Each structure stands twice: as C-alpha cells, then as structure tokens.
Amino acid sequence: MMEVTLNINKKNYKLDVDDGTPLLWVLRDELGLVGTKFGCGIGQCGACTVHIDGVAQRSCQTMVIMAEDKEITTIEGLSENGDHPVQEAWEEIDVPQCGYCQGGQMMTASALLKKNPNPSSEEIRMAMNGNICRCASYNRIEKAVATAAQKMSK
C-alpha cells in the first residue's frame, strides 16, 4: 500500500492503495465515480475512457501511480450540469441505446473536439474507432460528434 494524491475532476484525493491498482478501480470502488465503466479490462473497448491531462486514456490500463500529479477528468467532471456540447449533442441525437459505452464515447469525443474543433467525418470515425458500442450506434455517435463540433464553433 502507498499513499497517492490524485486530482480528479478538480478535487484532490489522498488514498492508500496498491501502486499496481488500475485507476478504474480507484475511481469506481474507492471514490464512487461509477460513470466510468468496466468493459473488457484490456483497453480495447473504451468504456473506461477518462481524460488524463486532457488526453483520452483507458483507465483500466492506467496504474494509479501513473496518474499521480496529473489532471484526471471523468464523465462526472466533463461538466457540472451535463451541459457540455458533447453531452447536449448526445441527448439531441438520442445516441444511447443500452448506454453502457456512452461515458467512454463522450470522453473520447470531447478529447477529439478539444484537439480538433472541426473534424471531418473520417477524422471522427478514426478518433472514435477504439470505442466499441455493443448496440452499434455508430452512425448516431458520428452525427452527435459532428453536432457537438457545430455547437462548440458558435
């Protein structure tokens, strides 16, 4: 066990955890931030995506020690009131079906739009490629990302 300090959603947390603990388990089990989902556990599905220093990362593959002294944002921290343009576009386009992957999808989409505020359809598809949706809502996801980009450009 070791003490780590994590900055998550602009709050500092001091925790005693094993340094080999995946960040995902700290978020869910230690802090109750359950919007970040466990999917495949091997970083392939994207359900556990969070931002670490603004970059979309798989929290199931990020050991907690690697996240210390970095700015971590979860879906709960994307906006205070669910009014981030990506969240609004998701609702407007009615993207979710089962909803399980949606937090990770939105975190990947918001990281893309921060880096590239006006992505082409191909760029959206490439950026979202690593996020798997078992309901196959890919066309609506692409449309929502494009809609969010439009909202952010106004």
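The structure is a predicted model, in which local features need pLDDT of at least 70 and side-chain atom pairs count only at pLDDT 80 or more, while totals for chains, interfaces and linings use all residues. Residues are numbered from 1 along each chain as its sequence is written, and side-chain values use heavy atoms, with hydrogens and water left out.

In α6 the buried set consists of Ile-141, Glu-142, Ala-144, Val-145, Thr-147, Ala-148 and Ala-149. These buried residues pack against α3 (85-93), α4 (102-115) and α5 (121-128), where contact means heavy atoms within 4.5 Å.

His-51 belongs to strand β3 (residues 49-52) and is buried, at 9% relative accessibility. Its side chain takes part in polar contacts, defined as pairs of N or O atoms within 3.5 Å; within protein, one must be able to donate a hydrogen and the other to accept it, and residues adjacent in sequence count only if both atoms are side-chain atoms. A polar atom of the His-51 side chain lies 2.6 Å from the backbone oxygen of Met-107, and the side chain of Ser-110 makes a polar contact with that of His-51 at 3.2 Å. Beyond neighbours within four places in sequence, the contacts of His-51 include Ala-56, Glu-71, Ile-72 and Leu-78.

Most residues other than glycine have a negative phi. Asp-69, however, has a positive phi near 65°; this residue sits in the loop between α2 (64-67) and β5 (71-73) and is exposed, at 74% relative accessible area. Asp-94 likewise has a positive phi, of about 60°, and is found in the loop between α3 and α4, partly exposed at 47%.

Turning to the cysteines, zero disulfides (pairs of cysteine sulfur atoms within 2.5 Å) are found in the whole structure. For Cys-48, the nearest cysteine sulfur is that of Cys-60, 3.6 Å away; Cys-48 is buried, with a relative accessible area of 4%. For Cys-135, the nearest is that of Cys-98, 3.6 Å away, and Cys-135 is partly exposed at 24%.

Methods. Buried < 20%, exposed > 50% of the residue type's maximum accessible area, 1.4 Å probe, protein only. Helix = DSSP H or I, 4+ residues; strand = E, 2+ residues; numbered from the N terminus.
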